[in-house]
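Here are some notes for your first reading of this structure. Please keep the model open and find each residue as you come to it.

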Amino acid sequence: MSCSTPARTIDDRAIRRWILFALPLCFVAVSAPAEESLATLLQVAEAEHFDEPLLLAQFSEFNESLDAIESPVTEVLDQLEASSLDRSMQQSFTSASFDSGRGTQQPNNFTAFPDFNQGIIVLGEEAALKIGGFVKADFITDFDPIDSVDSFDTSQIPVGAADRKNSRFHARSSRLSFDTRWKVQQEVVRAFVEADFFGGEDGANGSLRLRHAYGTMGYITAGQTWTTFTHPSAVPQTLDFEGAVSNVNRRQGLVRLDLPLGDSGWSWAVSLEDPRIQIDIPIGVTGEGRTESPDVITHLKLERDRGDFQAAFVMRELGFQPVGDPVITGTAWGFNFTGSGKVTEDTRLYSQITFGEGIGSYRGSPDVVSTGPSSAAILPMFGWMVGCKHVWNERLTSNLTYSELLLDPIAGQDPTNLRQTNYLAVNLIHNPVDRVFVGIEYLYGMRENQNGNQADATRLQMTFGFYLP
């Protein structure tokens with residue numbers, strides 16, 4: 001008993017002294033800013049000349065502990081504030097004309113441009129740069145002869161060739177892009193450059209090749225990009241690089257005017273474009289193709305939430321100059337009707353009809369063919385395509401497409417000239433994690449010559465891909 005009484009007396013005295021000390025400090029703490037309150041408390045404690053060194057030591061230790069906590073918390077808050085500013089600056093460089101409808105990276109869409117709202121983005125005070133692209137490794141097995149080993153070009157199926165098989169591994173489809181944005185009078189200006197490795201000869205390692213290099217300001221686009229005659233969003237997503245035989249997949253130099261027609265969803269475009277031509281020169285004739293005027297192309301497009309439709313028209317002049325003679329010219333024309341739309345939330349259909357005269361080079365066939373030792377004719381063509389994309393779940397998609405291209409049987413042609421070719425592709429693509437895809441695709445093609453002889457080919461392709469963020 002004699003030991004417990006002094007202990008309680010000491011405890012009571014300590015509690016009273018804590019209360020007397022804490023009350024004035026609380027008033028000071030309430031009136032002081034949060035980051036200065038503890039320092040103010042310590043100053044008051046020292047000014048009061050308290051004779052409790054243990055109490056002051058505890059306050060000092062507590063202050064050091066708060067400093068240790070405050071530093072990383074402040075760093076995190078600074079990072080969050082900087083991130084918020086970055087997002088705000090990044091959003092200021094997005095534009096409905098460039099980014100509407102894209103949202104996040106479209107899975108397994110190899111014709112879409114990279115998104116600008118996430119990933120590797122370098123922000124400056126007055127400009128922003130997005131680095132995009134993907135690595136795509138293709139593993140190919142051919143069960144029949146075909147002379148195009150890197151892509152399934154059915155026009156390269158040899159007719160009458162001896163049986164042979166082929167294996168090919170390459171990464172030539174890999175891409176790298178730079179999307180730069182800045183503002184001129186509150187309007188976003190864009191410069192986009194993209195390259196792949198399909199330069200050089202078929203079957204080689206490949207060299208860097210320009211795909212896109214263009215700038216857009218307001219309604220004007222100038223540079224190299226998809227021709228106005230094509231409709232990239234209506235292209236089925238094959239793992240094969242070539243794609244359907246009727247699809248217009250040409251990228252070329254142009255200057256284009258794009259005009260929205262109010263808020264109706266309709267838009268109109270007109271362009272002057274690079275007039276590349278492909279001529280099958282008659283045997284015994286020497287000369288060169290001439291392009292004395294640009295191709296004139298226009299299209300009308302309707303875009304809705306569930307799909308889009310486009311009607312395009314091209315008018316062009318084809319020229320050939322025999323050595324020592326004036327240029328011979330002829331007029332060529334063509335239509336391209338394309339569309340895509342959702343039939344259910346998980347299924348989208350694609351379709352295309354292309355026809356005209358002297359537009360074969362827009363799909364890799366001749367514009368003009370030889371019809372005799374010293375004569376030639378503009379070649380009519382007709383092509384069509386149907387396709388379907390189905391989303392099985394958030395990690396699994398499939399694509400199926402069938403396409404056909406027919407060239408007129410003009411009298412006098414070489415009997416081995418292309419008359420018709422077909423293309424079938426069906427695939428299954430799995431996305432095990434974000435920005436990674438693995439797919440397998442079955443391909444079938446047929447070639448028929450003008451003399452009626454045919455040959456077909458089958459291919460199995462497996463692909464591994466990695467998107468840049």
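1. Start with the hairpin that joins β13 to β14 through two residues. The model is a predicted one. Strands β13 and β14 (residues 347-357) run antiparallel and are joined by 11 bridges.

2. Asp295 and Arg316 form it, with their closest N and O atoms 3.0 Å apart. Asp295 lies in strand β11 (residues 295-304) and Arg316 in strand β12, so the pair ties together parts that are 21 residues apart in sequence. Are these two residues buried or exposed? Both Asp295 and Arg316 are buried.

3. The structure holds 20 salt bridges in total. In one of them, the side chains of Asp196 and Arg209 meet at 2.7 Å, N to O. Because Asp196 belongs to strand β5 (residues 187-199) and Arg209 to strand β6 (residues 207-217), this pair ties together parts 13 residues apart in sequence. Asp196 is buried, with a relative accessible area of 0%, whereas Arg209 is partly exposed at 26%. Elsewhere, Asp99, Asp179, Arg181 and Arg190 are linked in a network of salt bridges.

4. Now compare a salt bridge between two loops. Glu242 and Arg363 form one, the closest N and O atoms being 3.3 Å apart. Glu242 is in the loop between β7 and β8, and Arg363 is in the loop between β14 and β15 (368-372), so the pair ties together parts that are 121 residues apart in sequence. Glu242 counts as buried because its relative accessibility is 18% and buried means under 20%. Arg363 is buried as well, at 9%.

5. Gly243 is found in the loop between β7 (220-226) and β8 (251-260). Its relative accessibility is 10%, so Gly243 counts as buried. Which residues does Gly243 contact, leaving aside its neighbours within four places in sequence? They are Thr238, Arg363 and Tyr423. Gly243 and Tyr402 are 159 residues apart in sequence, yet 9.9 Å apart in space, C-alpha to C-alpha.

6. Finally, check the surface. A nonpolar patch of about 1,000 Å² is made by residues including Val135, Phe143, Trp392 and Leu400. The elements that give two or more residues to the patch are β19 (418-430), β20 (436-449) and β21 (454-467). Of these, β21 gives the most, with four residues. Phe143 is found in the loop between β2 (127-142) and β3 (166-170), and counts as partly exposed at 41% relative accessibility.

Note on methods:
Residues are numbered from 1 along each chain as its sequence is written. This is a predicted model: local features need pLDDT of at least 70, side-chain atom pairs count only at pLDDT 80 or more; totals for chains, interfaces and linings use all residues. Side-chain values use heavy atoms; hydrogens and water are left out. Patches are made of residues with over 30% relative accessible area and no salt bridge: like charges are joined within 9 Å, nonpolar side chains (Val, Leu, Ile, Met, Phe, Trp, Tyr) within 5 Å. Accessible areas come from the Shrake-Rupley method with a 1.4 Å probe; for residues, only the protein chains shown count as cover. A salt bridge is a side-chain nitrogen of Lys or Arg within 4 Å of a carboxyl oxygen of Asp or Glu. Buried means under 20% relative accessible area, exposed over 50%, partly exposed in between (1.4 Å probe, protein chains only). Contact means heavy atoms within 4.5 Å. Two strands pair if DSSP finds at least two bridges between them.
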